[in-house]
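Biologist: I am new to this structure. Please walk me through its features, and tell me how to read each one.

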Amino acid sequence: MIDLLVAGGGPAGLATAIHAARAGLEVVVAEPRRTPVDKACGEGLMPAGRRALAELGVTVDGHALRGIRYLDDRHQAEGLFRGDPGLGVRRTDLHAALDRRARELGVAVLPLRVTAVHQGRDSVTAAGITARYLAAADGLHSPIRRGLRLEARSGRAPARYGLRRHFAVPPWTDCVEVYWSARSEAYVTPVGPGLVGVAVLTGDRGPFDEQLARFPRLAARLPRAAATPVLGAGPLRQRARARVAGRVLLVGDAAGYVDALTGEGLSIALGAADQLVRCVRADRPQEYESAWRRVSRQYRLLTGSLLWLRGQPRLAHRIVPTAARFPAAFAAAVNRLG
């Protein structure tokens with residue numbers, strides 16, 4: 001019997017497996033898709049996320065990011081990271097780097113899909129593999145979370161969706177730029193010498209070009225032809241009643257997700273993966289819930305607050321002007337996130 005079975009070989013699952021292997025645990029990853037897998041995401045790593053990757057021994061090329069810039073039609077606010085820079089990196093490059101590192105450490109990545117999960121007193125069995133614990137890293141709409149009845153209602157907040165594609169243009173910025181319109185945001189992330197990613201977060205289900213037209217200041221900088229197809233994700237907000245059910249622990253987006261508004265998803269996943277392995281190694285799975293809450297508290301508070309402001313018509317249009325008016329406060333918030 002192995003120590004840990006990881007269901008899902010995306011960045012969160014592979015980071016969990018790497019932590020486990022480094023801790024001396026026997027770990028297997030079940031992932032039916034071939035690596036790398038592309039998904040809709042902003043592709044910007046905050047400084048904390050970049051440091052977490054380095055601690056795992058993962059190296060990946062990208063574009064250094066020195067801060068975050070908010071823009072609307074008339075205003076601009078910039079918050080620079082005080083220490084190490086962040087990193088703009090293609091999701092596929094990051095996924096491939098994590099996969100390489102896991103295999104270097106002897107982690108077996110098997111082409112298996114986890115469906116049913118069966119728990120006993122001292123073990124859990126899924127996809128024909130029995131382990132002491134299972135880490136569910138099966139994504140935003142986690143079938144394992146649903147199967148264990150850990151899903152919680154997302155409340156009355158309108159559903160939000162993400163769309164992303166790339167444009168072959170030299171980056172004009174070394175920040176993540178966030179363009180604000182009345183109902184959506186567009187994130188620009190430099191990911192290479194001649195490539196930028198544009199991710200749109202919106203409550204509407206219209207096509208990417210229609211969404212991009214809401215940001216004329218940004219659209220004017222982009223070539224007419226895109227370099228990659230549009231990928232989408234959503235609804236983004238996913239809640240879980242708990243992160244632990246017996247010997248199953250949820251990590252990454254499967255553990256619950258507020259919104260991509262602050263770009264912290266991967267950093268939280270990396271930090272939670274570390275805590276999950278600590279709890280498994282100590283044979284104290286019940287402690288993971290409080291550990292996950294500690295790791296994600298700041299993200300949940302700041303992202304939830306900003307999302308609430310975004311939903312208030314009388315306040316939403318004041319977000320960028322207020323950030324521009326109080327640059328020190330904006331920079332402090334950026335560095336708390338970073």
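Modeller: We start with two helices. The axes of helix H1 (residues 11-22) and helix H3 (residues 91-104) come within 9 Å, and they cross at roughly 25 degrees. Keep in mind that this is a predicted model.

Biologist: How do I read that angle? Is H1 roughly parallel or roughly antiparallel to H3?

Modeller: Angles under 35 degrees count as roughly parallel. At roughly 25 degrees between the axes, H1 is therefore roughly parallel to H3.

Biologist: Is the crossing of H1 and H3 left-handed or right-handed?

Modeller: H1 and H3 cross in a left-handed way.

Biologist: Which residues make the contact between H1 and H3?

Modeller: For contact, look for heavy atoms within 4.5 Å. H1 supplies Pro11, Leu14, Ile18 and Arg22. From H3 come Arg91, His95, Leu98, Asp99, Arg101 and Ala102.

Biologist: At what angle do H1 and H7 pack?

Modeller: The angle between H1 and H7 is about 35 degrees, and their axes are 9 Å apart. H1 passes H7 in a right-handed crossing.

Biologist: Which residues of H1 meet H7?

Modeller: On the H1 side they are Pro11, Ala12, Ala15, Thr16, His19 and Ala20. They meet Leu266, Ala269, Leu270, Ala273, Asp274, Leu276 and Val277 in H7.

Biologist: Now the rings. How many aromatic pairs are there?

Modeller: Rings pair if their centres lie within 6.5 Å. By this rule there are four aromatic pairs. One of them is formed by Tyr257 and Tyr299, with 6.4 Å centre to centre and 45 degrees between the planes.

Biologist: What do 45 degrees between the planes of Tyr257 and Tyr299 make the pair?

Modeller: Planes under 30 degrees apart count as stacked, over 60 as edge-to-face and the rest as tilted. The pair of Tyr257 and Tyr299 is tilted.

Biologist: Which parts does the pair of Tyr257 and Tyr299 tie together?

Modeller: Tyr257 lies in the loop between strand S20 (248-250) and helix H7 (265-281), while Tyr299 lies in helix H8 (residues 288-310), so the pair ties together parts that are 42 residues apart in sequence.

Biologist: Does Tyr257 count as buried or exposed?

Modeller: Buried means under 20% relative accessible area. Tyr257 has 13% relative accessibility, so it counts as buried. Tyr299 is buried too, at 4%.

Biologist: Which residues do ring pairs link into a cluster?

Modeller: They are Tyr70, Trp180 and Phe330.

Biologist: Next, the backbone. Which residues does a cis peptide bond join?

Modeller: Look at omega. Thr35 and Pro36 are joined by a cis peptide bond, with omega about 0 degrees. Pro36 is in the loop between strand S2 (27-30) and strand S3 (44-45). The peptide bond from Gly234 to Pro235 is also cis, with omega near -10 degrees. Pro235 lies in the loop between strand S17 (231-233) and strand S18 (239-240).

Biologist: What phi does Glu43 have?

Modeller: Glu43 is not a glycine, yet its phi is positive, at about 65 degrees. Glu43 lies in the loop between S2 and S3, and at 7% relative accessibility it counts as buried. Arg149, not a glycine either, has a positive phi of about 60 degrees. Arg149 is in the loop between helix H4 (143-147) and strand S12 (151-152). With 69% relative accessibility, Arg149 counts as exposed.

Biologist: Where does Pro171 lie, and what is it in contact with?

Modeller: Pro171 is in the loop between strand S13 (161-167) and strand S14 (175-180). Its relative accessible area is 22%, so Pro171 is partly exposed. Leaving aside neighbours within four places in sequence, its contacts include His63, Pro190 and Gly192.

How values were computed: Residues are numbered from 1 along each chain as its sequence is written. This is a predicted model: local features need pLDDT of at least 70, side-chain atom pairs count only at pLDDT 80 or more; totals for chains, interfaces and linings use all residues. Side-chain values use heavy atoms; hydrogens and water are left out. Rings of Phe, Tyr and Trp (its six-membered ring) pair if their centres lie within 6.5 Å; planes under 30 degrees apart count as stacked, over 60 as edge-to-face and the rest as tilted. Helices (H or I, at least four residues) and strands (E, at least two) are DSSP runs, numbered from the N terminus. Buried means under 20% relative accessible area, exposed over 50%, partly exposed in between (1.4 Å probe, protein chains only). Axes are lines fitted to C-alpha atoms, for helices over the stretch in contact, and angles run from 0 to 180 degrees between N-to-C directions. Angles under 35 degrees count as roughly parallel, over 145 as roughly antiparallel, 65 to 115 as roughly perpendicular and the rest as oblique. A crossing is left-handed if the near helix is turned anticlockwise from the far one by less than a right angle, and right-handed if clockwise.
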